[in-house]
Amino acid sequence: MTETLVVENLATHFFTKAGVVKAVDGVSFRVGRGKVLGLVGESGSGKSVTGFSVMGLVDPPGRIVSGAIRFKGENLVGKSEEAWRSLRGARIAMIFQDPMMTLNPVLRIDTQMIEAVQAHERVSAEEARKRARDALGQVGIPSPEERLKAYPHQFSGGMRQRVAIAIALLHKPDLIVADEPTTALDVTIQGQILAEVQSLARDTGTSLIWITHDLSVVAGLADDICVMYAGKVVEQGSVDDVLDHPLHPYTNGLLGSVPSRNRRGEPLRQIPGMTPSLLSLPQGCAFQTRCPRADAACRHNIGMTELREGQFVRCVHPHQEALA
Amino acid sequence: MTVYLIRRLMQAGLVLAVMSVLVFLGVFAVGDPIEILISPEATQFEKEEARRALGLDLPLWQQYLVFLENAVQGDLGRSFVFNMPAIQVILMRFPATLELALVAMLWTVLFGVPLGLWAGLKPNSVSGKTIMAGSILGFSLPSFWVGLMLIMTFAVMLGWLPSTGRAEPVTMFGITSSLWTAKGWAHVMLPSVNLALGQIALVIRLTRAGVREAMLMDYVKFARAKGLTQRRVIGVHVMKNIMIPIVTVLGLELGSLIAFAVVTESIFAWPGMGKLIIDSINLLDRPIVVAYLMMTVFLVILINFAVDVLYSVLDPRVRLKDSGS
């Protein structure tokens with residue numbers, strides 16, 4: 001079976017006046033058909049830029065400098081803008097973080113949906129409208145026919161995100177890149193949206209890249225997980241492996257900073273310090289400045305090693321005791 | 001909506017009332033028109049007679065009340081110089097000014113918006129930077145100097161366009177205008193360009209700022225993520241958003257173009273209201289000055305109102321607020 005998406009050694013750099021920002025620096029992962037990949041990391045870890053790279057939507061001064069993005073076997077890096085455009089929205093769709101900002105405030109919902117249909121298929125406005133209405137119904141928006149005539153500001157945040165999801169689903173894409181789509185919503189809506197996206201993806205065989213900083217979201221949703229730090233993948237593997245016995249001190253720290261019932265009363269563990277500036281990364285492991293296990297050996301670059309079957313980590317001092 | 005309209009109407013009335021007092025005081029301070037209108041050889045008695053005939057012998061507050069009483073009935077006084085109702089004199093000149101202002105507006109939209117769009121989409125390109133540098137010139141060069149340079153270049157040296165005056169108006173489809181003929185366009189070309197230059201510069205900067213801001217918005221990225229062509233993203237998604245501030249400013253500018261085309265009309269001897277007001281101030285023709293200023297205020301209020309209505313058409317969020325009030 002061919003994978004829906006294979007990303008190999010992707011590097012996306014931003015050429016700013018202050019220097020070259022290596023927002024994504026040698027990232028590799030694969031997403032199988034109908035599978036969900038959780039891309040986890042703090043703000044500035046490069047997870048969103050990875051998502052935009054897959055969409056071909058990296059704006060100057062940023063660009064993909066090397067690596068390959070193989071979508072159903074075909075490398076997209078270096079393709080023309082028109083080739084990207086014909087894939088975007090049709091085969092690869094995206095859902096954004098803030099539903100209050102993603103819909104154009106001065107255009108009606110039907111305008112924004114019909115244009116999305118007609119961008120990829122030569123159909124009449126009437127036919128496109130019918131498709132739009134069905135898509136709204138599919139994501140659970142009541143009386144879709146009337147809602148089509150509304151403007152975005154007449155919807156709540158959760159409803160707007162549903163509209164955005166409906167737009168993403170219009171062409172039954174093979175892959176959806178979801179960039180923290182539930183972060184801006186309250187918890188009950190978040191749960192509904194997660195459940196809906198999951199079932200829709202399962203029904204249509206759509207693969208998902210779910211970008212988030214929220215490990216609890218990933219735990220219930222993803223098949224595989226990729227933990228990013230400062231533009232690099234530091235740990236990847238199946239969701240159960242990574243969450244049950246994290247090998248990288250950073251993953252361990254992330255999990256420790258999630259409040260849990262089992263550690264009630266104890267102070268919450270946190271990762272000290274802040275994400276380092278991507279302009280002045282330390283030599284070797286980027287996490288060494290905040291890592292409890294760091295020593296002189298961490299100043300050397302190391303690659304990913306497979307410490308368990310299917311679980312890779314980039315660390316000199318991994319939590320191997322978890323394996324024992 | 002009705003409440004809104006009534007409130008606007010009351011505001012407009014108040015503005016007009018305050019303006020009328022200010023204008024009246026202003027022209028009173030400028031000087032005594034009798035000294036200019038009557039020949040210096042006239043006797044004291046003749047002067048008193050003329051003063052009484054024009055109603056200038058009354059105290060200022062009484063003059064104002066008389067003016068107000070007549071104004072309410074639609075009479076803004078008779079011109080001392082033309083011996084015709086002031087409003088009629090002004091309205092005779094109004095089409096020429098309106099023509100000039102509208103043509104200048106046309107250039108503003110035709111050049112300002114596309115150039116601003118280009119500069120906003122390619123802010124670091126040579127062409128984008130050239131446009132921005134040019135717009136600074138458009139802002140800062142004094143309009144009278146540019147007018148003279150235009151005349152020097154296109155009328156005197158090249159001889160392509162006439163330097164002064166307006167072509168004979170022609171009536172077509174019930175509209176009388178000099179723009180129905182090619183000669184009319186040749187005449188309006190230089191003054192309208194002169195008048196438009198500052199406006200074009202303003203619209204370029206406004207459009208560029210709007211585009212640069214809009215291009216960073218999530219809805220633009222989302223529109224691109226839908227697979228829309230760049231043309232549609234910019235032409236529909238970006239343009240519709242940046243038109244809101246542009247229309248507001250254009251409306252306000254149209255008002256000031258009509259009201260303050262004074263310099264341009266003087267340089268190019270364009271027979272419009274601006275030239276009339278300058279002449280009238282020189283001759284202390286009070287009724288014309290007062291009537292002109294009152295009409296200008298009325299016009300600006302009217303245009304502002306039209307802009308507000310247009311605004312609600314362009315921005316759906318404004319409509320909602322209206323129905324709620």
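**View 1. The hairpin of strands E1 and E2 in chain A, in a predicted model.** Strand E1 (residues 5–16) of chain A pairs in the antiparallel sense with strand E2 (residues 19–31) of chain A over nine bridges, two strands being counted as paired if DSSP finds at least two bridges between them. Helices (H or I, at least four residues) and strands (E, at least two) are DSSP runs numbered from the N terminus. A hairpin of two residues joins E1(A) to E2(A), and Phe15(A) has Val20(A) in E2(A) as its bridge partner. Asn9(A), found in strand E1 of chain A, has phi near 50 degrees, a positive value in a residue other than glycine. Residues are numbered from 1 along each chain as its sequence is written, chains being lettered from A and ligands numbered from 1 in the order in which they are written. Because the model is predicted, local features need pLDDT of at least 70 and side-chain atom pairs count only at pLDDT 80 or more, whereas totals for chains, interfaces and linings use all residues, and side-chain values use heavy atoms, with hydrogens and water left out.

**View 2. The open sheet of chain A and its edges.** Eight strands of chain A, in the order E6-E7-E8-E3-E9-E10-E12-E11, form an open sheet with mixed pairing. Strand E6 (92–95) and strand E11 (305–308) of chain A stand at the edges with a single partner strand each, so one side of each is left without a neighbour in the sheet. From one strand to the next the twist averages 20 degrees. At one of these edges, E11(A) pairs with strand E12 (residues 311–313) of chain A in the antiparallel sense over three bridges, and Glu306(A) stands opposite Phe312(A) in E12(A). Helix H7 (residues 157–169) of chain A packs on the sheet, where it touches E6 and strand E7 (175–179) of chain A, and its direction makes about 175 degrees with that of E6(A); contact means heavy atoms within 4.5 Å.

**View 3. Helices H7 and H8 of chain A in contact.** The axes of H7(A) and helix H8 (residues 187–204) of chain A come within 11 Å and cross at roughly 10 degrees, where axes are lines fitted to C-alpha atoms, for helices over the stretch in contact, and angles run from 0 to 180 degrees between N-to-C directions. That angle makes H7(A) roughly parallel to H8(A), since angles under 35 degrees count as roughly parallel, over 145 as roughly antiparallel, 65 to 115 as roughly perpendicular and the rest as oblique. Among the residues that make the contact are Ile165(A) and Leu169(A) of H7(A) and Ile193(A) and Leu200(A) of H8(A).

**View 4. Helices H9 and H10 of chain B.** Helix H9 (residues 218–225) and helix H10 (residues 230–259) of chain B pack at about 155 degrees with their axes 10 Å apart. This angle makes H9(B) roughly antiparallel to H10(B). Tyr219(B), Val220(B), Ala223(B) and Arg224(B) in H9(B) meet Gln230(B), Val233(B), His237(B), Val238(B) and Asn241(B) in H10(B).

**View 5. Two loop positions in chain A.** A cis peptide bond, with omega about 10 degrees, joins Pro60(A) and Pro61(A), and Pro61(A) has its place in the loop between helix H1 (47–55) and strand E4 (62–71) of chain A. Ser143(A), in the loop between helix H5 (125–138) and helix H6 (144–147) of chain A, has a positive phi near 35 degrees in a residue other than glycine.
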